Amino acid sequence: MKMLIISVISVLLVRSATGQQYFMEIYDREDGMPANEILDIAQDSTGFIWLLSDLGITRYDGSYFHQYPMSEISSDEFPSSEILKLYADNNGGIWVSNQSGGIFSYNPVMDQFDVRNDSSTRLPSAAYSYYNSDSAILWMGTAGQGLVKWDRIKNTLKIYTQDDNRDSLQDNFISTIRAANDSLLIVTTTKGSAIFDPSSEKFFRLWFNASDGETYKHNVIRYSLGLDGINYTTTYWGLHITDLQTREIVHLTTNTTSRSTINHNSLWEMAADKEGRIWIASYGGGVNIYDPASASFTYLTMENSSLPENNIIGVFRDREGSIWLRTSSSGIVKIDFRKQWIRRIEMDKYGLPYVTSAIAVNDSIIWMGTNGKGLVRFNRKSDEISMYTHEPLNPNSLAYDHISAIDMDTNGVIWIATAGDGMDSFDPSTGLFEHFPYAPNDQGVSNSALKSVSCFGKDVYFITYGNGFGVYDQVTGSIESFWDAQETGTVTPIKDTNMILHDSQGNNWILTSGGVIVRDHGSSRFQDAINMGRIESPFSSFDFLSMKEVSPGVFYIANNAGEIAFIRYQGGGEVIYDQFIPSSSRDHVGLLHYEDSVFWQLNSGGLVRVDLRSDTRVEYKEEDGLLGNEFYPLTGKDQYTMLVASLNGLNIVDREKVPSPGSKRRVIWNELSVLNRPVQIGLRDSLHGLVLDQALNYTSHVELDYGHKEFSVSFSALQFYAPERTYFRYRLVGFVDDWIYGNKQNKISYTNLDPGDYEFEVQAALLPGEWGPVKSLSLHINPPFWMTWWFLLLAGTGLVGLLYLFHTYRIQKAVALANLRTQLAQDLHDDIGSSLTKISLYSSLMAEEKESNGVAGQIGELSREVISQMSDIIWSVDQKNDSVENLLSRMRLFAEETLMNCGMEIKFEKDIQDGKMILNPLFRQNYYLIFKEAINNICKHSGARNVWVRIRQERNQLHMEIADNGVGLNGKSGSNGTSRAFAISSGNGLGNMKKRAERIGISFQVGERDGGGTRIYLGRPT
């Protein structure tokens, strides 16, 4: 059911005195400036901005402030004192003078201010104004001492002062000097201006009130500016405009009843912008902007802008056209006209919540739907706001203040989708609302909460939250709703519909979270066009957000993944893909506009311009002038302009004025630091001992010592358009040759680099991939003395000599030891062996005598044992027996001889990989004696018939197993009637074997043998 509601209009009027918004950037002490009161601004030929304060001079590159204290701008003849003004000459050089009479200019090579004059050309006081007519002559106006002409070539000085002569200056305080033409100057004093002819050295005074003979009705002239034959002069009491040809003078003062004059009488500096408007600083009235074409003023004040205060003492225009304002105590304000492509509607300013939908009706009127304050009409030219809201006690008000979307039909009627009470229509011409509430069975809209509304001819389509979409026929007054795919006869689900588009052929396109449906105008049938079932589709996601018609039957369409495709409709639901554009942003939220191969996209962080021809992508954010930093798409048409919404308000974008980021940015060096200390120019540091011969920007090679390998280089890109959006990439060739993308990082540090040669390279960009020229700095790290070639050669020679001496010493010791062992074996064999043999022989002879009572036999047996032991010692000492092969041969020989005498059979097995392996004499001796002791014990106590000896070599280690089939460890008696267990436990044989095994680091095990008998094992080292 339709309900007729009469609206009540609430009007809030806020007028801007400027008629235009300006994007302001404010710099103060918190940003790195030395003070908030800046006395003067200039720009050099390189592009640096120079700032003068009471503390000295500051150079600014857009992101970095470099300080030059007042104490550094001095000499012995002209000590540090007050500086009044900065001056950039015709070649972009920076000049200053101080109260002690010195003239200084900036030396970029040494990064310092050098004195240019001497005592013969000392200035009478600091200059307040400057002008150079050629490379030789520099004109300087002093603060009370007249006009000075300094010939730099001849080094001469001439001073012109005020006197009673009418051809002289009006006053000795010279505020400005500038050219009137190729040969004449205009010199402005605090009491008037004069045209000066340097050739005749005469001044022609400009009388401003000739009728009463006064120079100025109110004196103290502060600044003079010439533009198109007109001379503009500011005083503390108004503005004087003089036509230099007719000498006609207009004196403007404050008039509260007229907007065709200044708003404050205390005026200071002036500057002309690119459009020829004159910006005039006033102390108390902000900025007066005079348009000579219309002879009218607009004003920039705290009340109508973001200006921090109304006390403006200076205006400066840089070579890129930006205006810099000097305030009395709030720093400097920069107005970049490249950011004037946006008209910003700050919702907080009008007490409004965020915008949900907007329509630009023409170049003046914008209708907005808000989240909580109803429908809003905004006049861009007058800043007039009209609000249409819901009033609970007034039945003639808007149905619901939370508006999801608005659209306008061909009759100018606005259709409103509310977030909680159905749909409304509003006719601005009559001020009447019509309400379409929720009702089931096509008697009303299918849900109280609507997502969007779209007008196509007589049909009004509405999209609900979760309940599909519907269409209202304005002619029949009927409503048809579509809840699910069955109602449309398609496969693509329609429950979550995102957008509906009506094309020029009368077809309706329904974009959903699962694909696209087209309602063909010819058949009125719904047909699937794009979804997962269409295998030819290139899309990775079928959640489609936006679609635009480029030409009849040709569209571009985008999904939530930021993928875009150009399609042509063939009818019958069939589409052809002409071009597919992969995603350029993972954070894509919608398409705004397409024209001439240029896409305008929106993500949550900003506005994106994609040029398909040049394959470039530029993202515009808050620093480019956009209001807010979190953006979202709007519903509604953009017939006249592009609307970008943020949580802070609405941006009205003029696509024709969107700025180009400019040329590729050039990198400049800021500082080289070593061990966290800056390297100075001409001053050696006490910590790292380094010094630069000239400024880092004029230095191509730096040499560091090994102890300086912890260093950092800071840099920036010289540019003032959104410097915070500058991106850098860098690399240190010789360390990492690949580029490292550091984003906005502009200081890179390195530590512990190896000695050698490196090349540090940096590039800057405002556009992704659009890198500027490479800035490079060659670095050489000297090696420490212990890594130099001469030290390494000397050390190598010494090491070779030491090794040779050590090797010779070892050989000599080894030979001496071998000789000693051989000699010892020989002496033992020849002397002691011979004597023991004789003892054995004599004892045998004595044994034949009956009276010896067996003593001689015992002596003989003992001597034979000693001979045997002595033979073992001699064998172990002799170095000829150090191999494994010799050891095993002796062990086998001993075992066979001993066991044969005991009536036992032996089986000797060996598994040896390297019989030539040399054994340690101590190991060889003890290993053999353990074996010998074991064989003797078997012979004496085991009563065995068979003995097995198995020896194997494994990884240069010997493993030996000795086994017998005797009585074993628990046997009662051996073959000789003696208990073997008693013999082993009571004797020293077993203990000796264990000690010897421990001595040479191997394990010793003794136990019962499987099948009877004893088993002894010598294993791996312990």
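What follows is a description of that core, its helix pair and its surroundings.

Modeller: This is a predicted model, in which local features need pLDDT of at least 70, side-chain atom pairs count only at pLDDT 80 or more, and totals for chains, interfaces and linings use all residues. Residues are numbered from 1 along each chain as its sequence is written, and side-chain values use heavy atoms, with hydrogens and water left out.

A nonpolar core here is a set of buried Ala, Val, Leu, Ile, Met, Phe, Trp, Tyr and Cys residues joined through side-chain atoms within 4.5 Å. Buried means under 20% relative accessible area, exposed over 50%, and partly exposed in between, with a 1.4 Å probe and protein chains only. In soluble globular proteins, nonpolar side chains tend to be buried together.

The largest core has 33 residues, and those touching the most other members are Met891, Tyr927, Phe931, Met960 and Ile962. At least two residues each come from α4 (884-901), α5 (921-942), β69 (946-954), β70 (957-964), α7 (989-999), β71 (1002-1008) and β72 (1014-1021). Helices (H or I, at least four residues) and strands (E, at least two) are DSSP runs, numbered from the N terminus. The largest share, nine residues, is supplied by α5.

Take Ile962 next. Not counting residues up to four places away in sequence, Ile962 touches Phe931, Ala934, Ile935, Ile938, Val947, Trp948, Val949, Thr1014, Arg1015 and Ile1016. Contact means heavy atoms within 4.5 Å. Another core, of 30 residues, lies apart from this one, and its members include Ile41, Ile57, Tyr60 and Leu718.

Now the helix pair. The axes of α4 and α5 come within 10 Å and cross at roughly 15°. Axes are lines fitted to C-alpha atoms, for helices over the stretch in contact, and angles run from 0 to 180 degrees between N-to-C directions. The two helices α4 and α5 are therefore roughly parallel to each other; angles under 35 degrees count as roughly parallel, over 145 as roughly antiparallel, 65 to 115 as roughly perpendicular and the rest as oblique. Their crossing is right-handed, meaning that the near helix is turned clockwise from the far one by less than a right angle. On the α4 side the contact is made by Leu887, Arg890, Met891, Phe894, Ala895, Thr898 and Leu899. On the α5 side, the residues in contact include Tyr927, Phe931, Ile935 and Ile938.
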